[in-house]
Amino acid sequence: MNKFCKICLINLILKPKLCFLLVLVVSKGLLYAQNINETKLQKTLQKAEQFQFENHYDSAIFCFNLAYKIAEKNQDRATCVKTFASIAENYLYLSEYPKSKEYLDSSMQMGRQYLSPDHLALSDVYNIRGWYFERKGDYENALSFFRKTLFIRNKKLPAEHLDMAQCYFNIASCYGSMEEYDLALQNYDVSLQIRKKRLGDNHPVTAKTYSDIGWCYGRMQDHKRQLFYYNKVLQIRLQTLGEMHLDVAIIYHNLGWVYGQQQNFKQAEAFYKKSLHIKKKLLGLKHKRVANGYVALGALHKKSGNLLLALGNFQQALMAVSLDFEDTDMYKNPTLSNILTEQDMLVALRHKALALEQYFQETSRLTDINLSLITYQLAVNLIDSMRLTYTTKQAKQSLLTKSTGVYEGAIRVAYQIFQLTKSEEYLHKAFYFAEKNKAFLLLENLQDMDAKHLANIPDHLLAQERQLKSQIFTQKKMLYLAHKQKDTQKVVQFNNEIFELNQGLEATIAQLENEYPTYYSLKHDLPIASIEDIQAQLDEKSAFIAYFMGDSALFSFIISKNNYNVHQIEGLNDLQIKLASFIELINTTPNTAAYNATNLNNYQQLANQLYRELLGLAVKDMPRSIDRLIIVPDGAIHFLPMELLISEIKEQLNYRNLAYLCRQFALTYHYSGTLWYETVTKTHSYNQNQCLAIAPCYDLKAKPVAVRGALSELRGKQKLVDLPGAQQEVSIIANFIDGSFLLGDRATEYNFKTEAKHYGVIHLAMHGFANHENPMYSRLVFTKKMDTVEDGTLYAYELYNMNLPAELVVLSACESGAGTHVRGEGLMSLARGFIHSGVASVLQTQWNANDWSTAKLMTYFYEGLSKGLSKDYALQQAKLKYLQSSSGEYIHPFYWGGFVLSGDHNAIQFKKSNWSIYWVGFLVIVVFLAAIFWVYKWKRGLFRRKADKIQ
């Protein structure tokens with residue numbers, strides 16, 4: 001310490017007043033400096049917000065960065081969090097998604113570390129993260145973040161605060177994108193009332209609400225009301241913002257769309273051009289909104305028949321959305337690098353591919369249709385890239401569903417080129433595109449299970465992931481019940497809890513993928529099975545038929561050991577009507593009138609027409625040796641048990657001897673060719689082939705009800721009624737296979753979840769209910785016991801967190817195979833849930849089963865399995881044997897045709913029941929002991945007689 005410092009220190013000690021004055025001066029100086037910093041911070045934030053309002057996003061980002069540095073110096077954590085979120089928001093407007101995500105991740109990490117969970121600054125982060133997911137097309141994830149924002153702000157802000165209006169607006173926007181327009185309009189109305197009260201009717205922010213309400217009505221095909229709102233918005237924006245504003249360009253664009261829908265092409269074109277002029281002036285040539293404008297203009301020209309002009313516009317759209325592509329030649333395509341927004345690139349590629357396909361009809365040049373296929377292929381590659389960036393199954397499903405048109409166009413064009421060139425290469429491409437759009441999420445889940453095993457991930461991390469998923473499923477069940485009870489408070493509570501759990505699950509999955517790169521590569525490596533792959537696994541007796549149902553045509557792909565063909569079926573509307581009529585005819589309980597000649601004739605006519613349209617050409621080309629079909633259905637075909645189609649019409653008095661397809665072929669169904677190939681080629685470790693059979697009791701005090709009757713009739717209005725046939729089924733199974741048989745009060749959900757993972761065959765004979773609105777809530781009902789941790793109801797979504805390495809699950813329950821068809825993914829049902837959990841195959845019902853006939857059919861099925869028949873042959877023989885042994889109304893297909901097999905068809909090597917051996921052994925021992933006893937008695941008697949003689 002130097003001399004000067006020592007003197008100062010002594011003076012401070014000896015002169016307290018001087019010390020006090022010095023401290024006061026320093027404090028005031030620091031306070032003054034802090035006030036200056038705070039003033040500077042506020043001015044910088046205001047400047048940043050002004051730049052953002054004026055659409056100068058780069059300048060806004062620069063100012064927000066300055067504000068962050070000031071806030072960091074002041075240790076103002078809340079402002080640091082908000083400025084990073086605002087930077088992320090502006091990168092969103094610039095369509096720089098990786099940068100936006102980087103700042104969002106940082107702001108979330110900072111906010112969760114330094115701020116309370118319900119801090120308003122954190123709600124801003126959640127809000128912008130919701131916008132991020134919304135712009136990526138991940139609406140489910142976006143909605144969860146918007147709800148979390150509302151949850152926080154609802155606790156901190158008045159009900160009529162403008163930030164509350166923003167919350168309802170964002171939620172409404174998500175619902176609109178998810179096509180839930182009623183919910184969207186409800187939330188828009190709440191937002192509108194707040195904004196009108198706080199800002200007035202003629203404010204630009206209020207106008208934004210009117211604009212989105214108009215958009216909603218447009219999607220509901222109410223163009224008159226849509227036009228009313230759009231004209232109101234235009235008037236407000238021109239008065240308050242002037243002509244050269246982005247919001248004015250947006251409403252011009254929207255008006256163009258309305259007039260285009262009304263076939264007023266001239267007016268529509270004028271609005272689109274005015275919109276595009278403003279966008280280019282304000283945003284430059286490289287922007288997603290500019291790309292949208294060119295796509296809209298191109299679609300309008302295509303609709304009016306000017307394909308060459310349309311193609312020019314689509315090319316401009318590709319240039320606008322790609323940073324390094326500047327080629328106006330329509331025969332050139334961009335690469336998939338340096339894209340502004342993937343979604344807008346996908347839209348532009350799809351429009352261009354379709355326009356080229358139509359342009360070929362005018363030019364007949366092979367160059368045009370070849371470029372169409374190349375463009376479709378580029379779009380498919382982009383979809384593959386996009387799905388890797390989506391974190392939720394809902395987002396991936398939404399992407400694949402909306403992309404079905406891309407795959408359909410690619411199949412259609414590949415098939416056209418084959419017809420022109422006769423090159424089988426294009427048939428192979430058509431099958432490739434069809435497979436790309438089949439059951440992706442199911443394939444990904446099964447691949448994920450294998451990847452975790454091969455990557456040697458520690459058990460504690462896997463347990464952590466399973467626990468989080470289990471907690472999410474539990475909360476979702478509670479949320480579902482709260483929705484049914486219309487308990488708004490609990491709905492908000494459970495949504496908030498699910499949000500927090502999802503953040504934890506997302507972090508855990510990210511940890512697994514980052515720390516175990518082998519797991520990541522295996523998980524996302526989803527190879528598509530080729531025709532050669534499938535042919536290599538087929539024997540001479542089997543054929544594989546996959547369907548792809550698009551918007552305009554149905555394609556069937558027929559593969560046998562040495563042959564391959566594709567058929568295109570036109571007249572899709574007529575086919576859909578026939579399918580709906582036939583499905584309604586067979587899954588309704590027949591009455592006396594169903595057995596007269598007229599109804600029988602109607603059945604034969606429809607069944608034969610569908611046979612000829614769906615299978616006629618395929619069967620005609622097949623070798624005679626084939627007696628097994630592996631079917632991959634699509635669209636409404638998912639609801640059709642094809643066994644019930646008939647190959648020819650006969651004069652019959654009843655349903656017994658019709659020419660059913662199941663007389664000629666054993667059938668099994670699968671979700672895709674790739675999944676089937678994976679099933680038959682991978683080595684699977686299934687449990688020992690013993691059976692867990694469960695038959696619940698729904699009223700432990702009740703006496704058995706009548707044995708015969710539809711299960712739907714046995715569902716009491718107030719409670720479920722017992723199923724005596726179910727008990728009979730389980731008794732029958734015991735004759736063919738060893739295992740555990742849980743009846744009555746032992747047939748609980750808890751016992752099922754505890755025991756099922758140890759068995760190779762699982763048989764569930766119980767009540768089942770399909771939920772067609774939300775198939776994840778389809779359910780099986782076990783015996784309800786209040787002393788367990790389960791509620792007695794197994795929902796489909798619970799199966800997605802289970803691991804069941806069983807060879808076969810038999811769902812002897814109503815509607816276990818019924819559900820909702822999701823384009824690009826297949827039928828969502830209880831049966832699918834079991835496949836998702838790792839089960840090799842599922843025997844399921846397509847409609848309400850009958851208690852008595854089901855028990856009889858199961859007898860024949862297990863009898864066939866016990867004799868070594870494969871699952872599909874065992875089911876085929878069971879149905880034929882049932883037909884021969886039944887009479888009266890019970891020969892109608894309703895009673896036996898609803899059971900179908902999904903998954904592999906391999907035979908099961910049952911362990912024979914040992915009870916007969918035990919009984920024989922027991923009898924031998926008894927006889928042996930009796931013989932010894934008799935000999936002993938005889939010898940003793942002989943000895944006594946000799947003794948008597950001696951005496």
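**Ground rules**

In this predicted model, local features need pLDDT of at least 70 and side-chain atom pairs count only at pLDDT 80 or more, while totals for chains, interfaces and linings use all residues. Residues are numbered from 1 along each chain as its sequence is written, and side-chain values use heavy atoms, with hydrogens and water left out.

**View 1. Strand β4 is mostly covered, on both faces.**

Take residues 628-632, which make up β4: five of its five residues are buried. (Buried means under 20% relative accessible area, exposed means over 50%, and partly exposed is in between, with a 1.4 Å probe and protein chains only.) On one side sit R628, I630 and V632, on the other L629 and I631, and all of these are buried.

**View 2. β4 pairs with β1 and with β5.**

Strands of a sheet pair through backbone hydrogen bonds, either parallel or antiparallel. Here, two strands count as paired if DSSP finds at least two bridges between them. β1 (residues 542-549) runs parallel to β4, with five bridges between them. Look for I545, which stands opposite I631 of β4. β5 (residues 666-669) is also parallel to β4, and four bridges join the two.

**View 3. β9, β10 and β11 form an open sheet.**

The three strands line up in the order β9-β10-β11, and their pairing is antiparallel. β9 (767-769) and β11 (793-795) are at the edges with a single partner strand each, so one side of each has no neighbour in the sheet. From one strand to the next, the twist averages 20°. β10 (residues 779-781) meets β11 over three bridges in the antiparallel sense.

**View 4. Helices α16 and α17 pack together.**

Two packed helices are described by the angle between their axes and the distance between the axes. For α16 (residues 342-363) and α17 (residues 366-387), the angle is about 160° and the axes are 8 Å apart. That makes the two helices roughly antiparallel. (Angles run from 0 to 180 degrees between N-to-C directions, and axes are lines fitted to C-alpha atoms, for helices over the stretch in contact; under 35 degrees counts as roughly parallel, over 145 as roughly antiparallel, 65 to 115 as roughly perpendicular and the rest as oblique.) The crossing of α16 and α17 is left-handed, meaning the near helix is turned anticlockwise from the far one by less than a right angle; clockwise would be right-handed. Their contact residues divide into 17 nonpolar, five polar and four charged. (Ala, Val, Leu, Ile, Met, Phe, Trp, Tyr, Cys and Pro count as nonpolar, Asp, Glu, Lys and Arg as charged, and the others, Gly among them, as polar.)

**View 5. Helices α7 and α8 cross at roughly 160°.**

The axes of α7 and α8 (residues 162-177) come within 9 Å. The two helices are therefore roughly antiparallel to each other. Their crossing is left-handed.

**View 6. K156 and D118 meet in a salt bridge.**

Side chains of opposite charge can pair when their charged atoms come close. A salt bridge here is a side-chain nitrogen of Lys or Arg within 4 Å of a carboxyl oxygen of Asp or Glu, and the structure holds 33 of them. For K156 and D118, the N to O distance is 4.0 Å. This pair links distant parts of the chain, 38 residues apart: K156 is in α7 (residues 139-156), D118 in the loop between α5 (97-114) and α6 (120-136). K156 is partly exposed at 45% relative accessible area, and D118 is partly exposed at 22%.

**View 7. E326 and K286 also form a salt bridge.**

The N to O distance between E326 and K286 is 3.1 Å. E326 is exposed, at 53% relative accessible area, whereas K286 is partly exposed, at 24%.

**View 8. E408 pairs with R412 in a salt bridge.**

The N to O distance between E408 and R412 is 3.8 Å. They sit four residues apart in helix α19 (residues 404-421), so about one helical turn separates them. E408 is buried at 4% relative accessible area, and R412 is buried at 18%.
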